[in-house]
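Have a look at the model first, then read on.

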Amino acid sequence: RKAHADSDLGIRAVAYEIGVELELATVNIFKSESRSATFRALNPNGLVPVLVDGDFVLWESNAILTYLAGRYGSPALISTDARRRADIDRWLHWESAHMGPAIAKVAFERCVKTMFGGTQANEVAVSAALSAFEEHCRVLETSLRDKEFLTGSLSVADFALASSLCSGAMVGLSVGAFPRTTAWLQRMLARDSVRRTLAEAQLSVSEIYSTGTSGAVAAKRIFS
């Protein structure tokens, strides 16, 4: 059996947390490789990430996180309790609908647009995204209260959100003004799985921005 995932930080970290080794293959979105007929056969949206496990194809980062945890690793990361699972899903949806897009907008304007589009950042758009980021941080700060992790114990939601914030740090976004959020993020950054993921990401980030090679890739592991 084979499984394919991308180099998304959260996916890598969850995979390493549960002991799944990934063999990565690059999809260069700046050369429109994700728009090819071959790739669209896997994901008609023409977007990364994509996971292929035998005859099963899955796209959307947070769906891949939950699949990996449930299929190959740790049900505790997604929970079998209906209420806790709903809480985990809530944070996964919140990350993809709110925090993730705000960070992505800043990254697009500050990095992608200037480096590969040859145009200046739209400061009005940047300002709006920064305001949204700060508002989302306030929501996170309030929600964490005295909890060690987002839903009380470690879950895939922690990896999804921590990966977004790590990506945000690469474009100058900080949670330093939010002490509970900072403490939670430091707990996540201290995990071996996250440390390994970030070390690998640092090795590739210069290539990503100097050559136009997307950091989002297809990944493969052979399962015995």
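Of the contacts in the protein chain with a separation of 6 or more, 68% are between residues 24 or more positions apart; a contact here means heavy atoms within 4.5 Å. Keep in mind that this is a predicted model, where local features need pLDDT of at least 70, side-chain atom pairs count only at pLDDT 80 or more, and totals for chains, interfaces and linings use all residues. Numbering runs from 1 along each chain as its sequence is written, and side-chain values use heavy atoms, with hydrogens and water left out.

**Overall layout**

- The protein chain has 8 helices and 5 strands, taken from DSSP runs (helices are H or I with at least four residues, strands are E with at least two) and numbered from the N terminus.
- Going along the sequence, the order is β-α-β-α-β-β-α-α-α-α-α-α-β.
- Out of 224 residues in the protein chain, 46% are buried. The cut-offs are under 20% relative accessible area for buried, over 50% for exposed, and in between for partly exposed (1.4 Å probe, protein chains only).

- Helix α5 covers residues 123–144, and its 22 residues should span 32 Å at 1.5 Å a residue; the end C-alpha atoms are 31 Å apart, which agrees. The expected span is 1.5 Å times one less than the number of residues.
- The buried residues of α5 are A125, V126, A129, F133, H136, C137, L140, E141, S143 and L144. Looking down the axis of α5, these buried residues stay within an arc of 160°, so they line one face of the helix. That arc is taken from the directions from the helix axis to the C-beta atoms.
- As background, an α-helix has 3.6 residues a turn, so residues three or four places apart point the same way.
- V124 and T142 are exposed and sit on the face of α5 turned away from its buried side.
- At the start of α5, N122 brings a side-chain oxygen to within 3.0 Å of the backbone nitrogen of V124.
- Just after α5 comes R145, with a positive phi of about 45°.

**How α1 and α3 pack**

- Helix α1 (residues 9–17) packs with helix α3 (residues 61–72) at an angle of about 5°, and their axes are 9 Å apart. That makes α1 roughly parallel to α3, a label for angles under 35 degrees.
- Axes here are lines fitted to C-alpha atoms, for helices over the stretch in contact, and angles run from 0 to 180 degrees between N-to-C directions.
- On the α1 side, G10, I11 and V14 meet S61, I64, L65 and L68 of α3.

**S193 and its neighbours**

- S193 lies in helix α8 (residues 192–211) and, at 4% relative accessibility, counts as buried.
- The side chains of S193 and E17 make a polar contact at 2.6 Å. That term means a pair of N or O atoms within 3.5 Å; within protein, one must be able to donate a hydrogen and the other to accept it, and residues adjacent in sequence count only if both atoms are side-chain atoms.
- Leaving out residues up to four places away in sequence, S193 touches A13, Y16, E17 and F159.

- Most residues other than glycine have a negative phi, and most peptide bonds are trans.
- V48 and P49 are joined by a cis peptide bond, with omega about 10°; P49 is in the loop between α2 (37–42) and β3 (50–53).
- E60, not a glycine, has a positive phi of about 90°. E60 is in the loop between β4 (56–59) and α3, and counts as partly exposed at 48% relative accessibility.
- S79 has a positive phi near 75° and is found in the loop between α3 and α4 (82–116). At 13% relative accessibility, S79 counts as buried.

Terms used. Parallel < 35°, antiparallel > 145°, perpendicular 65-115°, else oblique.
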